[in-house]
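Thanks for making the time this morning. I would like to walk you through one region of the model on the screen, so please have the sequence and the structure open beside each other.

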Amino acid sequence: SPIGGWRGGGGGLSSSSLDQEATWVHELVAAEKGCLLLSNPEFFKGIQSYFDKAVIAVVEHGEQGTIGLITNRLTPYYMGDVAPSLTAFKDCPLFYGGPVGAGIQVLHRVAGLKESREVISGLYWGAELESASAAINDGRASPEDFLFFYKYSSWAPSQLDGELSRETWFLAAADSKALFPKNGKGGAPSSTASRPSTTVTNVESWHHFLKMMGGRFESVSQKEKLQDTLYSSLGLSSGSLDTDEKGDNAFLEGQLVLNQLNDLRFGWITELLQASHLEEGAVLVASLVDELVCKTHVREQLDELAAEVRERLGGAGKPASSAATIAAMNEVLFVTRGFAGDISDYYNAHNSLIHKVLEKKKGNPITISVIYIAVARRLGVTLNGINAPRHFLVRVEEPVEHEFVDCFSSGKMRSQEEAIDFLLGVSDASDVSASASEEDRGKIRRILATTITPQEVYGRMLRNLAFALRSTSVTYASKKSEGLILLAMRALDEWVDERNSRDEN
């Protein structure tokens, strides 16, 4: 049996290696052998913290229960420390697989080894030591093809299903390559690297999988990174939250500060939710980092842009079709005024501030789109934002030849199929090898048909701004501003959760 006993090898896991090796990751709706469990950060704070931001490979799942291995929690030991006779694997790091049992587990990607069970194609659990050593000696394998774990994690029959119903875990499927480093460079230190002084979790691998899953999972990752930033700004290290080693005093202290900030900014959240139009909410977002932003001045600039477009259409009182209005808007905003996506300095915080984008005519997709929608509304044309993955588009609500506007690309008009190709990264629709599956196209088609809510727009703007503050050196990039952005995101999410709960009831 693969449970217990000394079984075989070494390796590591890191976000950089995952970028190079994993070919796909996607959400699952039900647990199965070979899936990944990504812990929900809302759980495991102060209890079972070894599961906090854990990435668990499920090696067995069925009527007898579930067995898994934490793949990103590194101990300060190598196999040479715990089993000196295993010279072939002496420099292989040892991971903490979970709280159950007392033996060594192994995952590997070498077919044909004795006492191995196939988990999924290309991934095996358990191996006889002599068989594994022989595979290395004859060149069929290397130590990097093996991962060692001390102990494992387990669930009784139906226990995991209950936890999944409460969304204690996020379920994912991934290529078997995702758990192994490329060229031996993984998340675990090499034999020459300094060892961790205690057992630590490689949180970057958790973030990486969530980012690859996209959508709400990527948002969860971004929010956690922001929370870590806030704790850092308060002089608290993220390590202080590892409650199985240091207690939860730091977490409680951080929560007290969050409550104080919440009291301070409560009026801001209320005003944001009452904003009549997107541009007003965008001004409030900008006010978190620049108290000098003026709502009246922003409104006057948008009025001026609309007046210029109206003049291009022949003056006030002359009716124009949506298509003609949009053509005139594109001419004025993107040709005459020179609005464009800031490709050269994309992560500059100014690109997320509506008053700065109006001033310098450069911005990120969502901020330029908010300006575009505001100008169109003044001209009697209804446009809506599309919350597409990794890009923000504008949908024209009245039928025109091209129904989606890419404001970041100087107002480029795209049909629905062109928008789908663009969002899926298909550059040549005639190239069959580059085409996405009909399932993927269907998912994007549904996204394009859905209108983003104002609260979702503000949430996305806040995430963009928070990331920009960490990536640039503008004067707004203060620790206080980062903390306020995090608070705003949390308060907005809480409001959305409360609204959804009311709707369900």
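At what angle do the axes of helix 14 and helix 15 cross, and within what distance do they come? Before I answer, please keep in mind that this is a predicted model, in which local features need pLDDT of at least 70 and side-chain atom pairs count only at pLDDT 80 or more, while totals for chains, interfaces and linings use all residues. Residues are numbered from 1 along each chain as its sequence is written, and side-chain values use heavy atoms, with hydrogens and water left out.

The axes of helix 14 and helix 15, the latter covering residues 438–448, come within 10 Å and cross at roughly 115°; axes here are lines fitted to C-alpha atoms, for helices over the stretch in contact, and angles run from 0 to 180 degrees between N-to-C directions. Helices (H or I, at least four residues) and strands (E, at least two) are DSSP runs, numbered from the N terminus. From helix 14, the contact (heavy atoms within 4.5 Å) is made by Gln416, Glu417, Ala419, Ile420, Asp421 and Leu423, and from helix 15 by Arg441, Ile444, Arg445 and Leu448.

Turning to burial, Ala419, Ile420, Asp421 and Leu423 of helix 14 are buried, where buried means under 20% relative accessible area, exposed over 50%, and partly exposed in between, with a 1.4 Å probe and protein chains only. The cover over these buried residues includes strand 16, strand 17, strand 18 and helix 15. Just after helix 14, Gly425 takes a positive phi of about 75°.

That brings me to the sheet, which is open, has four strands in the order 15-16-17-18, and pairs in the antiparallel sense; two strands pair if DSSP finds at least two bridges between them. Its edge strands, each pairing on one side only, are strand 15 (383–386) and strand 18 (412–414), and the twist averages 35° from one strand to the next. Strand 15 and strand 16, residues 393–396, are joined by four bridges, and within these strands Ile386 stands opposite Leu393.

Two helices meet this sheet. Helix 13, residues 365–378, packs on it and touches strand 15, strand 16 and strand 17 (404–406), with a direction that makes about 165° with that of strand 15. Helix 14, residues 416–423, lies across strand 16, strand 17 and strand 18, and runs at about 110° to strand 18.
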